[in-house]
Amino acid sequence: MSEEYADRELEAIHEQVGGWFDGFVNSPQYEPLTETQKNKAPGVVRCFAEYSFRHIGMAPEKWNPGSLTECCVEILPGKMSAELAFFQAVAPVLSAFFTFLAEKGLLSNARALAKIVAELDEEIVAASQDQRHWGPAKAFAMAAQKAGVDMCDQKAMHQFMALYNLQLLARQRPAPQAPFVPTTSLPAPAMPVRRSEPKVGRNDPCPCGSGKKFKKCCGR
């Protein structure tokens, strides 16, 4: 699939899901949502549709329990740089949205999807806060947010990126090894042999008392 074709297909998906959403906001299923959930609802539905297509290749007519779970528990929490309130709204909003689709007969398996996503609520929130599952882009964006960097300030983001990359390199560089210290003592260095008596010359009398020169006796 070419990028241009994929973009056209994604545009068609957004138009289709956007039409569904327009009906959803005027439905009985939308009303019970909290104000925070209603505020997050457009982003939740749009991002679910887009990420399902971009990362799993699932258009709305192909949404199924497996792709729903993968998108909500793995892809969105790992790639979306959103605040906690967004992820807390994912399950309630999508459950209500799928219930609406089921009531209107717009998606054949929508009722089953509504039940499944409602059961995933706590798992979605927990996954979104687990940094071990964050992708590189989300890890960077969340670090920038935590540091108070204005995400719309391109200069500030470039400066933060340079600092962030230096910190990553520092963490990846192996720590210097401590000098090796043997656990057992090394043997003491050999001491030079010192003679207690002066050296006997070859022509000196032999110390044995034979009366001969040392070179003719014990010095042979």
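This is a predicted model: local features need pLDDT of at least 70, side-chain atom pairs count only at pLDDT 80 or more; totals for chains, interfaces and linings use all residues.
Residues are numbered from 1 along each chain as its sequence is written, and side-chain values use heavy atoms, with hydrogens and water left out.

Me: How many helices and strands does the protein have, and what counts as one?

Reply: The protein has 8 helices and 0 strands. Helices are DSSP runs of H or I with at least four residues, strands are runs of E with at least two, and both are numbered from the N terminus. Read from that end, the elements run α-α-α-α-α-α-α-α.

Me: Why is the pair of Phe24 and Tyr30 called edge-to-face?

Reply: Rings of Phe, Tyr and Trp (its six-membered ring) pair if their centres lie within 6.5 Å; planes under 30 degrees apart count as stacked, over 60 as edge-to-face and the rest as tilted. The structure holds 10 aromatic pairs. In this one, Phe24 and Tyr30 are 5.3 Å centre to centre with 85° between the planes, so the pair is edge-to-face.

Me: What makes Phe24 and Phe97 a pair, and which helices do they join?

Reply: The ring centres of Phe24 and Phe97 are 5.4 Å apart and the planes stand at 80°, so this pair is edge-to-face too. Phe24 lies in helix 1 (residues 3–24) and Phe97 in helix 4 (residues 84–104), so the pair ties together parts 73 residues apart in sequence. Phe24 and Phe97 also belong to one aromatic cluster, which includes Trp20, Trp63 and Phe98.

Me: How do you know whether Phe24, Tyr30 and Phe97 are buried or exposed?

Reply: Buried means under 20% relative accessible area, exposed over 50%, and partly exposed in between (1.4 Å probe, protein chains only). Phe24 has 0%, so Phe24 is buried. Tyr30 at 12% is buried, and so is Phe97 at 1%. Across the protein, buried residues make up 35% of the 220 residues.

Me: What does Val93 touch?

Reply: Val93 is found in helix 4 and is buried, with a relative accessible area of 0%. Contact means heavy atoms within 4.5 Å. Not counting residues up to four places away in sequence, Val93 touches Phe24, Leu33, Gln37, Ala41, Val44 and Val45.

Me: Why are helix 3 and helix 6 called roughly parallel?

Reply: Angles under 35 degrees count as roughly parallel, over 145 as roughly antiparallel, 65 to 115 as roughly perpendicular and the rest as oblique. The axes of helix 3 and helix 6 (residues 121–129) come within 9 Å and cross at roughly 25°. The two helices are therefore roughly parallel to each other. Cys72, Val73 and Pro77 in helix 3 meet Glu123, Ile124, Ala127 and Ser128 in helix 6.

How values were computed: Axes are lines fitted to C-alpha atoms, for helices over the stretch in contact, and angles run from 0 to 180 degrees between N-to-C directions.
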